Amino acid sequence: MREILHIQAGQCGNQIGAQFWEVVCKEHGIDTTGQYIGDSPMQLERSDVYFNEVSGGRYVPRAVMIDLEPGTMDALKSSSYGHIFRPDNFVFAQNGAGNNWAKGHYTEGAELIDPVLDVVRKEAENSDSLQGFQICHSLGGGTGSGMGTLLISKIKEEYPDRMLMTFSVFPSPKVSDTVVEPYNATLSVHQLVENADECMVLDNEALYDICFRTLKLSNPRWLTMSSTFIGNSTAIQEMFRRVSEQFTVMFRRKAFLHWYTGEGMDEMEFTEAESNMNDLVSEYQQYQEAGVEYEEEYEEEDA
């Protein structure tokens with residue numbers, strides 16, 4: 001069986017991860033103590049993709065939980081499924097990243113990265129045939145974006161032949177009031193383009209609109225879907241363009257830049273990240289225009 005190692009980083013990543021494991025456990029008939037209580041042998045088929053079976057017939061998630069402050073870890077441990085995780089796989093610091101990508105990538109996160117990699121190596125070595133890694137994180141804060149992309153680059157360097165997939169939540173001013181989110185997101189995209197094999201882009205603004213406008217939910221919770229469809233659409237360029245425009249407005253005025261240069265960053269990194277984001281938008285635009293041209297040629301042939 002090809003195993004997957006799940007990693008969740010930062011507050012958002014750990015909140016998504018907690019819900020993910022709750023759903024996966026229920027699908028496989030595993031209770032909050034890790035015991036199988038299901039009613040069909042099919043539930044345990046392929047369970048070793050995400051779980052390690054240990055003594056006593058317990059199933060333990062193959063997961064690593066990371067944060068630069070203890071609050072999220074404490075909340076996860078005290079949740080209904082908190083006792084199912086391996087205690088040694090909670091890796092956290094005390095100071096936090098303060099919504100600063102540079103702290104997560106260069107200072108606070110860099111100090112914690114070695115203990116995290118030790119846990120990742122241990123889980124990878126205990127796997128019979130590791131297929132790859134999946135990482136849940138957001139791009140708007142400091143830990144998920146800064147330390148998350150640092151970890152992704154380290155994993156890609158150490159395991160270049162393994163699939164690396166991310167579930168990345170892109171920020172929206174509708175959902176958060178963190179003013180430097182465009183900086184954090186753009187700097188993260190710069191890293192993801194280089195190191196990730198697949199990115200599942202979760203647009204917080206689109207999720208917000210779906211919940212409030214389409215589903216009319218006043219208090220959105222984790223939604224149980226009957227099926228999932230994954231695709232790539234050129235329409236995603238609108239989200240990239242939105243973040244890029246917000247980034248440009250701030251960067252022209254050098255707004256809040258001292259928060260990042262104070263952690264050792266250079267302005268050139270911002271320029272390169274902005275250029276990469278614009279290249280990404282242009283690439284999607286080219287595919288969109290190519291699709292239109294192809295459809296026109298196809299219609300002419302039919303005529």
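Which residues in helix 1 meet which residues in helix 2? On the helix 1 side there are Gly10, Gln11, Asn14 and Ala18, and they meet Thr72, Met73 and Leu76 in helix 2, with contact meaning heavy atoms within 4.5 Å. By class, this contact has 3 nonpolar, 4 polar and no charged residues; Ala, Val, Leu, Ile, Met, Phe, Trp, Tyr, Cys and Pro count as nonpolar, Asp, Glu, Lys and Arg as charged, and the others, Gly among them, as polar.

The model is a predicted one, where local features need pLDDT of at least 70 and side-chain atom pairs count only at pLDDT 80 or more, while totals for chains, interfaces and linings use all residues. Residues are numbered from 1 along each chain as its sequence is written, and side-chain values use heavy atoms, with hydrogens and water left out.

As for geometry, the axes of helix 1 (residues 10-27) and helix 2 (residues 70-77) come within 9 Å and cross at roughly 10°. Axes here are lines fitted to C-alpha atoms, for helices over the stretch in contact, with angles running from 0 to 180 degrees between N-to-C directions. Helices (H or I, at least four residues) and strands (E, at least two) are DSSP runs, numbered from the N terminus.

Asp203 caps the N-terminal end of helix 7, with a side-chain oxygen 3.1 Å from the backbone nitrogen of Glu205. After the helix comes Lys216, whose phi is positive, near 55°.

Gln191 sits in helix 6 (residues 181-195) and counts as buried because its relative accessibility is 17%. Leaving aside residues up to four places away in sequence, Gln191 touches Trp101, His105, Thr149 and Ser153.

Aromatic pairs number 18 in the structure; rings of Phe, Tyr and Trp (its six-membered ring) pair if their centres lie within 6.5 Å, and planes under 30 degrees apart are stacked, over 60 edge-to-face and the rest tilted. Phe247 and Phe251 form a tilted pair, at 5.6 Å centre to centre and 40° between the planes. Both are buried.

How values were computed. Polar contact = N/O pair within 3.5 Å; in protein donor to acceptor, adjacent residues only side chain to side chain. Buried < 20%, exposed > 50% of the residue type's maximum accessible area, 1.4 Å probe, protein only.
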